[in-house]
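Subject: Structure handover

Hello,

Please find the structure below. My notes on it follow.

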Amino acid sequence: MVDLRGCEFVFPAAVLWCVVYPLLAKSRGTQSQVLVPTNFGVCTYLESLGVFDILKQGEVVVDDRGVPRKPDTKLVLPVSRFNSQSEVEDLANKALDNLMGRDLGAANLRSLVIEVFAELALNAVQHASSTIGAFGFIQFYQFEKGNRFICVVADGGIGIRRSLERNPALRDRVFYDWDAIELATRERVSGTGDPTRGIGLFGVSEDMRKPGRQLIITSGIGALAIEEDLLSRAWRTVLFPGTLAYASIPT
Amino acid sequence: MSEVINVYGLLGTRALVTREAAQRLGPAIAASLARKADQVALDFSQTLGITPSFLDELLRVVQDSLRDSGIMQVRLKLKNPPTRLSLKFMALARGRGVRLAEADGDTWLIAVESPTG
């Protein structure tokens with residue numbers, strides 16, 4: 001049971017925690033239930049993102065009675081489940097259509113947002129081996145300090161360290177989750193062993209090293225942050241049973 | 001001889017993000033090489049986004065087509081690319097052993113050689 005009743009605020013990066021944990025529990029044969037926040041605003045936010053629908057589709061018990069379905073014009077892509085490259089392509093194009101249709105953000109940023117989302121989503125599909133698939137959403141979020149595009153992708157898979165360990169050449173370089181995440185952002189590092197692969201996450205990391213942008217990746221008990229004035233910082237953190245990537249781009 | 005492939009006309013999507021999307025350009029590229037084109041232009045004028053994964057796979061598709069056709073090299077011209085030529089695209093070109101340069105602000109030039117060359 002995931003008890004969100006006391007939540008007064010859910011940061012966008014935490015939204016997919018509320019999805020992955022209960023769905024993983026359900027996939028492992030446990031009766032899974034999410035107690036929705038009593039805070040009406042938080043509850044409405046999660047409902048508008050499509051969180052409760054995704055959970056119920058996964059047979060997680062959710063009592064969202066009385067929570068209104070308010071269309072959110074700032075939501076570029078609701079929480080969506082995907083398992084294949086073609087599904088990622090469909091979602092990327094749907095998100096691009098929404099960005100253009102709602103005239104959100106500058107034209108040059110729209111391609112960046114789609115590219116970042118797609119590369120993170122493709123990594124989840126191709127490397128995570130997640131039994132529950134992968135999830136992602138894109139939101140135009142109004143923070144106090146300014147508006148941002150938020151892309152979040154998560155899976156309940158094996159994590160970056162175990163993915164890289166599939167490449168025998170990397171096994172002696174990834175002892176902990178945090179150094180595995182850091183290594184994965186480097187050029188041509190891939191668990192596939194293919195010397196031409198390993199450019200997706202490297203490219204996203206390079207794009208996030210720009211003013212005001214931020215990339216945070218959590219996998220297993222490791223985490224990594226990349227910002228313009230913080231080339232990268234990796235640390236031990238609380239367990240996430242899979243990988244979650246959060247990208248934030250100012251408009 | 002130069003050939004032009006309208007990418008949006010062929011694929012029908014504005015965001016080209018997957019390796020699968022690049023593979024769908026394979027037959028058109030192979031057909032151009034079969035017609036002895038020494039330059040193949042891909043017009044991205046209605047494309048609004050591409051990923052490094054897409055471009056990397058496109059280069060692989062071109063290299064495989066060169067190998068299969070027995071042609072040693074081809075000039076690839078990407079017209080109206082939807083994004084600027086950044087470090088990540090230069091990095092993937094290095095990894096593929098191809099030369100990539102920007103020309104005229106709206107064209108990328110790529111010299112691709114057959115992997116058997």
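Glu115(A) and Lys88(B) form a salt bridge, with their closest N and O atoms 2.7 Å apart; a salt bridge here is a side-chain nitrogen of Lys or Arg within 4 Å of a carboxyl oxygen of Asp or Glu. Across the interface of chain A and chain B the rule finds four salt bridges. Helices H5 (85-101), H6 (107-127) and H9 (200-208) of chain A each supply at least two residues of the side that touches chain B. The largest share of that side, eight residues, comes from H5(A). Helices are DSSP runs of H or I of at least four residues, and strands are runs of E of at least two, numbered from the N terminus.

This is a predicted model: local features need pLDDT of at least 70, side-chain atom pairs count only at pLDDT 80 or more, and totals for chains, interfaces and linings use all residues. Residues are numbered from 1 along each chain as its sequence is written, chains are lettered from A and ligands numbered from 1 in the order in which they are written, and side-chain values use heavy atoms, with hydrogens and water left out.

Arg148(A) is in strand E6 (residues 146-155) of chain A. Arg148(A) is buried but has no salt bridge, buried meaning under 20% relative accessible area with a 1.4 Å probe, protein chains only. Its nearest side chain of opposite charge, Glu227(A), is 8.4 Å away. A polar atom of the Arg148(A) side chain lies 2.6 Å from the backbone oxygen of Gly212(A).

Regards

Note on methods:
Buried < 20%, exposed > 50% of the residue type's maximum accessible area, 1.4 Å probe, protein only. Lys, Arg positive; Asp, Glu negative; His and termini not counted. Polar contact = N/O pair within 3.5 Å; in protein donor to acceptor, adjacent residues only side chain to side chain.
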